[in-house]
Protein chains: 2
Amino acid sequence: MASVARRVHQVFGADTDVGKTIFSTALLLASAARGSKVAYVKPVSTGAQQDMDARHVRTFAPQVPTRTLVQFSEPVSPHMAAAMQASPDEHVRDAQIVERLRTWLYECGMEAAIVETAGGVHSPSPSGSSQADLLRPLRLPTILVGSSVLGGISSTRASFESLRMRGYDIDVVLMFTSPYYGNDTYLAQYFVEHGIPLFTIEKPPARVADTPTDVARMQTYYQHTLTTMAEVVQYLADQHARRYASLDTLGMRAHQHMWWPFTQHTRVAPQDVTIVDSAHSDFFEAHAPGQGTSPMMDGSASWWTQAVGHGHPRLALAAAYAAGRYGHVLSPSVAHEPAVRLAERLLGHDSSATLAPGRGWASRAFFTDDGSTGMEVALKMAMQASVRRYTPTVMSSATLARTAPGRRAGSLGGRQQREWHVLGLQGSYHGDTIGAMDACEPSVFSEHVAWYRGRGYWLAPPALRMKEGKVRIEVPASDEWGESQCLGILPSIEAAYRMPARLQSELAQRYVRMLNKRLEELVLVEGHRFGALVLEPLVMGAGGMIFVDPLFQRCLVDVVRSREDLFSLSDPPLRDACVNRDADGWRGLPVVYDEVFTGLHRLGFAMGADVLGTPPDINCLAKILTGGVVPMSVTLASDSIFRAFAMSDQKTHALLHGHSYTAHPVGCQVTLETLDMLDEMPTKASWDPAWLERMSHARRLRGIMSLGTVLKLELESSTGGYASDAADDLLRTLRAGLCTS
Amino acid sequence: MASVARRVHQVFGADTDVGKTIFSTALLLASAARGSKVAYVKPVSTGAQQDMDARHVRTFAPQVPTRTLVQFSEPVSPHMAAAMQASPDEHVRDAQIVERLRTWLYECGMEAAIVETAGGVHSPSPSGSSQADLLRPLRLPTILVGSSVLGGISSTRASFESLRMRGYDIDVVLMFTSPYYGNDTYLAQYFVEHGIPLFTIEKPPARVADTPTDVARMQTYYQHTLTTMAEVVQYLADQHARRYASLDTLGMRAHQHMWWPFTQHTRVAPQDVTIVDSAHSDFFEAHAPGQGTSPMMDGSASWWTQAVGHGHPRLALAAAYAAGRYGHVLSPSVAHEPAVRLAERLLGHDSSATLAPGRGWASRAFFTDDGSTGMEVALKMAMQASVRRYTPTVMSSATLARTAPGRRAGSLGGRQQREWHVLGLQGSYHGDTIGAMDACEPSVFSEHVAWYRGRGYWLAPPALRMKEGKVRIEVPASDEWGESQCLGILPSIEAAYRMPARLQSELAQRYVRMLNKRLEELVLVEGHRFGALVLEPLVMGAGGMIFVDPLFQRCLVDVVRSREDLFSLSDPPLRDACVNRDADGWRGLPVVYDEVFTGLHRLGFAMGADVLGTPPDINCLAKILTGGVVPMSVTLASDSIFRAFAMSDQKTHALLHGHSYTAHPVGCQVTLETLDMLDEMPTKASWDPAWLERMSHARRLRGIMSLGTVLKLELESSTGGYASDAADDLLRTLRAGLCTS
């Protein structure tokens with residue numbers, strides 16, 4: 001892919017007819033006067049006098065090569081001209097224009113170039129999109145030509161904001177002097193506050209009918225602009241040098257000052273740092289020191305946060321709207337529209353919305369800041385609901401004696417006091433705060449954390465792996481399964497997720513039998529006291545993209561909900577179950593679905609519950625939720641869970657958890673926008689089943705699996721888990737060549 | 001304060017001369033034709049033909065009362081007209097104009113009103129601010145008049161974005177038909193995608209010289225617009241009804257669907273919910289069902305997150321810029337400009353910046369999402385640094401035998417394995433995730449949390465309280481101090497924070513003696529194994545605004561750093577200290593300052609270290625950090641702490657902690673902007689010392705204290721802590737009447 005390393009500036013106008021071509025020509029002349037090799041390019045041009053701007057440049061700066069990439073003959077706006085064409089040409093697509101421009105800038109062989117846009121910042125491109133959006137992937141440094149007419153202060157400021165909102169850096173503002181309205185004086189002050197210099201030149205002379213005279217007058221005019229324009233060119237050159245000096249060293253500086261998450265710094269060399277100058281759609285615009293920027297696929301969707309593409313203007317506008325309307329307002333006992341609308345929508349009270357993760361089961365939305373805090377809340381909710389249901393409120397005198405203060409220190413009746421445990425699956429991951437970590441089995445993530453103590457039991461899960469066109473259900477050697485073995489074979493990936501059919505299978509009965517037996521052992525023999533069942537539906541991401549057999553997860557939920565007798569054995573154990581729930585309450589254990597990674601169409605299904613066929617009592621969402629813009633998480637809970645806290649009017653019975661930015665308006669607003677966009681998407685991306693089937697025959701691969709946008713390739717040698725480096729080479733290869741269907 | 005409940009719309013233009021007055025008049029006529037009592041108001045007008053717009057309205061809609069609030073005779077933009085006035089009038093201040101408008105709208109007694117702005121959205125107000133900023137506190141529902149001329153698509157879209165960025169809701173777009181350029185067709189499509197209808201009418205007839213004819217022609221024209229305008233008025237009325245129906249029920253709906261943080265829901269009635277329609281500066285614009293909105297002071301600065309005021313356009317633009325440039329990009333081994341620049345700035349490498357919390361001591365910035373996650377990281381850093389320094393790497397055979405696997409389960413040599421503990425102060429609070437909770441002493445916050453177990457020892461701190469003009473240093477009854485007592489009296493609040501003088505005092509020696517003795521007992525007798533000293537400098541916020549004696553905190557840090565001999569006693573205890581640090585490493589224990597609440601000028605000092613006179617090894621910032629817009633936290637660490645993780649090239653030695661949105665560009669960008677704004681502030685707000693002195697004599701108050709913007713009033717009866725309700729009444733009283741100096 002071509003890099004753009006040269007000094008290229010795009011010229012945007014605060015309005016039509018503010019002098020973009022005049023300023024472009026004057027800049028080109030000043031550049032050429034310094035001896036620079038400089039070119040002029042007009043991405044899109046229309047009209048009877050087609051190519052008019054380029055012709056002006058050729059007339060007054062004949063030494064400058066010019067190019068118009070897309071021309072329409074109709075004298076109307078590009079979007080109308082494009083619509084009028086009999087067979088719409090390929091090059092009207094935005095991406096096509098951008099690639100032609102990128103290539104031309106790379107191949108023109110000049111030191112510098114001026115890219116002149118048409119009309120104002122939002123004048124339509126051939127596709128109808130705004131020009132500011134059209135050119136966004138390149139994010140060229142920008143020259144804004146301000147307006148010196150009445151109203152020009154407003155149009156210049158508004159244009160500036162629209163450009164900034166798309167992530168553009170404006171290097172300078174140029175405009176004609178404005179002696180009557182004083183626009184230049186006002187705007188010079190305004191832009192200096194934004195660190196941007198403003199330069200002015202006189203207006204060009206009025207046109208005259210006689211062409212030679214007209215040309216001569218303009219030539220004289222351009223002569224007069226040379227001094228100022230030389231200053232501008234010098235400033236632009238300096239700014240360009242500063243930008244590149246900063247970009248060239250950015251990786252090294254990050255290497256020196258950042259403490260990156262999940263990174264052993266001694267293994268990263270300064271030159272290995274990926275310098276991301278901007279991001280657009282599925283790509284980073286990555287910078288190579290000394291070379292320039294080029295697109296690089298964001299292979300993990302930035303830790304699976306992206307769903308609608310990087311740098312989307314709808315989300316930027318939504319974020320700005322909420323920031324402008326509120327900033328932030330504290331949450332307790334407060335109602336603000338973005339949070340309330342979002343809660344209603346997530347809970348399914350907005351009938352026009354398709355994607356509604358809590359519809360039909362959840363009654364409350366609790367907001368926190370990320371998946372880890374969302375899971376801490378989920379665990380507190382679940383655990384406390386169990387504690388309150390399963391702790392005897394009226395104790396016998398014998399029990400009271402055994403739990404008397406003097407006998408209490410760390411033990412009950414001589415026994416060590418038992419922890420409340422989670423029941424989960426091996427390979428699960430719920431976040432990095434201590435509570436979320438404690439809900440996961442010991443692993444390399446927790447090995448060196450002094451305060452970690454896994455508090456739970458984690459069953460070995462059957463996992464799916466496609467090899468040679470068939471999907472095998474395999475289990476590791478474990479207490480649950482004995483030897484590692486294959487429990488069955490399914491004809492396709494799709495078949496594995498047809499829950500109604502699979503519930504009728506022999507394997508379902510085997511799962512249920514095993515789970516009943518194992519749970520009895522865990523509680524009655526091994527003495528676990530469980531407070532929650534915690535699952536990542538379908539795929540355990542951070543644990544190594546384990547595609548868990550969904551039938552097993554469904555059976556586990558069913559068995560847990562049917563065994564209240566086991567979990568109700570209180571501590572100290574009373575042989576009579578201690579149950580005080582109402583008819584519609586949660587059963588057995590509160591079931592938590594951690595859908596931080598798996599939810600919101602990431603796996604091709606809206607939510608895990610859509611496949612498992614049974615809702616949780618609590619679920620946790622993050623990552624995609626906010627459209628990949630800012631952190632926010634939501635923990636949804638059923639009414640029965642909520643009532644375990646709203647059980648009295650005691651403050652201390654409440655869920656005493658909160659973060660300063662709880663339900664922050666910016667997060668809520670971008671989430672609402674994201675959910676709209678997800679609902680509007682006609683189809684969600686997924687990997688081609690035929691390609692997957694073909695790949696499953698590859699010799700180097702131990703197996704392959706895919707759901708939604710997630711693709712898992714298992715190498716024969718990949719046994720090292722998180723600490724292994726085996727995948728690094730492959731990742732580099734894949735990054736270069738793959739794209740989703 | 002006056003409420004705005006009526007159907008009021010403000011009219012903004014996409015440019016000057018787009019027909020704002022024509023559309024205003026047409027709307028007024030259509031309203032009047034329905035029998036509505038409707039008024040017209042022009043906040044600011046200038047020019048020889050002063051009051052021209054209002055006069056047009058009076059001519060064609062004589063039944064409509066009109067009002068111009070601020071008039072300038074000079075025929076120039078309001079900011080120039082205001083500057084020309086000999087003695088600048090009071091009413092040129094933005095706040096004054098807004099209050100006059102609010103009052104007029106309240107008192108005019110009409111059902112509806114049209115507020116017509118001047119020029120475009122950003123045309124300057126008398127103070128020079130943009131009109132869109134000027135009117136922002138009222139956040140009136142908006143009519144945008146689009147532009148039908150060449151370039152009008154761009155100016156209309158850009159104006160729309162500037163309005164949205166300030167949190168305005170645009171109800172309708174009105175514009176003249178645009179048969180040649182097709183602006184109306186394009187924009188109708190564009191706005192329908194934003195849920196906004198666009199209505200068009202024909203352009204008015206060209207003006208003629210003969211006034212009666214001109215008036216007659218315009219009258220006919222307005223007649224022709226009536227049908228369309230009646231539709232618009234109906235739509236606006238419906239929209240108004242929907243808005244009010246939504247606002248009126250918003251509190252009830254929040255009550256029904258939100259699970260608020262730190263809230264016992266059974267104690268909140270639906271009508272107690274604060275409905276916040278928007279926020280500006282230090283105020284919410286709060287809605288009272290059936291009445292309308294009015295300003296309400298945000299007394300806690302929204303949980304102490306606000307520093308530069310709600311809804312600041314600079315921060316909204318910064319957020320939009322980063323969202324548009326990146327969305328988000330994953331953090332590990334990646335460099336993006338906002339994060340790197342922010343790290344450099346926080347660490348003190350930007351010489352132009354004043355506020356640089358890590359300058360001189362910190363070498364690394366680790367980003368997370370909130371104070372709680374930031375403190376989890378701080379604790380992991382500190383604890384792991386201690387574990388690595390103080391765990392014997394070469395064990396004697398006797399030690400090895402005692403720690404052999406078979407003897408390991410929960411005990412060493414028959415003793416229970418000791419936890420790594422924090423050393424802290426009673427009343428501290430570090431967040432709500434389990435790790436952060438465990439670093440705090442047991443309290444009402446943790447009482448009902450199954451997984452909480454305080455892992456530390458918390459000293460009883462001396463606290464400051466001003467009464468009758470003097471500041472008393474008081475300690476509670478405790479192991480440290482025996483009886484509760486007054487340790488000393490200082491002449492003023494300010495004197496308490498003069499560290500160099502206080503370090504020479506007798507009390508300093510007393511603190512040092514006590515701390516040495518107590519630490520010896522805690523380690524040698526009580527068997528605590530400490531891994532970190534964790535402090536909130538100066539004020540413990542959530543613990544009840546405890547103003548800790550800074551001299552005590554300073555002495556504690558000094559003593560901890562001087563007693564490596566105590567902390568180096570490893571587990572199992574080796575009588576020889578196990579120290580393997582380099583000369584510039586941390587000493588004794590890693591010292592963590594939790595400055596989530598206290599940092600960044602909240603307490604009148606830039607940072608706690610500025611008062612304590614000694615830097616931490618780790619510090620944690622959040623709340624103000626991001627200017628009160630989005631959650632983000634940073635944990636700064638010294639190089640010596642960093643090297644405890646970058647000690648090898650093993651991945652598992654790294655700090656294996658991270659969140660999806662680590663160092664998200666939006667957070668970094670608004671933080672950079674906030675730090676700029678804090679640096680630019682000439683003075684930081686604080687409470688008037690004379691007023692504080694006076695209040696300290698009040699009979700109902702047990703004491704008073706203040707630092708920076710924090711004011712603490714202790715009532716004689718306030719003994720109930722978090723669970724108490726005593727403060728509720730006072731808060732209501734204060735909310736109504738107080739303001740900062």
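Helix H1 (residues 20-33) of chain A packs on helix H8 (residues 211-257) of chain A at about 70°, and their axes lie 7 Å apart. The model is a predicted one.

Biologist: How are H1(A) and H8(A) oriented to each other?
Modeller: The packing angle is about 70°. Angles from 65 to 115 degrees count as roughly perpendicular. H1(A) and H8(A) are therefore roughly perpendicular.

Biologist: How many charged residues are in the contact of H1(A) with H8(A)?
Modeller: H1(A) brings residues including Ile22(A), Phe23(A) and Leu27(A). H8(A) brings residues including Met218(A), Leu226(A) and Val233(A). By class, the contact has 15 nonpolar residues, four polar ones and no charged ones.

Biologist: How many nonpolar residues are in the contact of H1(B) with H8(B)?
Modeller: In chain B, H1(B) and H8(B) pack at about 70° with axes 7 Å apart. That makes H1(B) roughly perpendicular to H8(B). Ala33(B) is among the H1(B) residues in this contact. The classes are four polar, no charged and 16 nonpolar.

Biologist: Which residues of H2(B) touch H8(B)?
Modeller: Helix H2 (residues 52-60) of chain B meets H8(B) at about 75°, with axes 11 Å apart. The two are therefore roughly perpendicular. H8(B) contributes Val215(B), Met218(B), Gln219(B) and Tyr222(B). From H2(B) come His56(B), Thr59(B) and Phe60(B).

Biologist: What is the class make-up of the contact of H2(B) with H8(B)?
Modeller: Phe60(B) and Tyr222(B) are in this contact, and Phe and Tyr count as nonpolar. The tally is four nonpolar, three polar and no charged residues.

Biologist: How much area do chain A and chain B bury between them?
Modeller: The contact takes 171 residues from chain A and 171 residues from chain B. Carbon and sulfur atoms carry 59% of the buried area. The area comes to about 14000 Å².

Biologist: Which residue of chain A meets Arg253(B) in a salt bridge?
Modeller: The rule finds 10 salt bridges across the interface of chain A and chain B. A salt bridge needs the side-chain nitrogen within 4 Å of a carboxyl oxygen. For Arg253(B), the N to O distance is 2.6 Å. The partner is Glu344(A).

Definitions and conventions
Residues are numbered from 1 along each chain as its sequence is written. Chains are lettered from A and ligands numbered from 1 in the order in which they are written. This is a predicted model: local features need pLDDT of at least 70, side-chain atom pairs count only at pLDDT 80 or more; totals for chains, interfaces and linings use all residues. Side-chain values use heavy atoms; hydrogens and water are left out. Axes are lines fitted to C-alpha atoms, for helices over the stretch in contact, and angles run from 0 to 180 degrees between N-to-C directions. Helices (H or I, at least four residues) and strands (E, at least two) are DSSP runs, numbered from the N terminus. Angles under 35 degrees count as roughly parallel, over 145 as roughly antiparallel, 65 to 115 as roughly perpendicular and the rest as oblique. Contact means heavy atoms within 4.5 Å. Buried area is the accessible area (1.4 Å probe) that two parts lose on being put together, summed over both.
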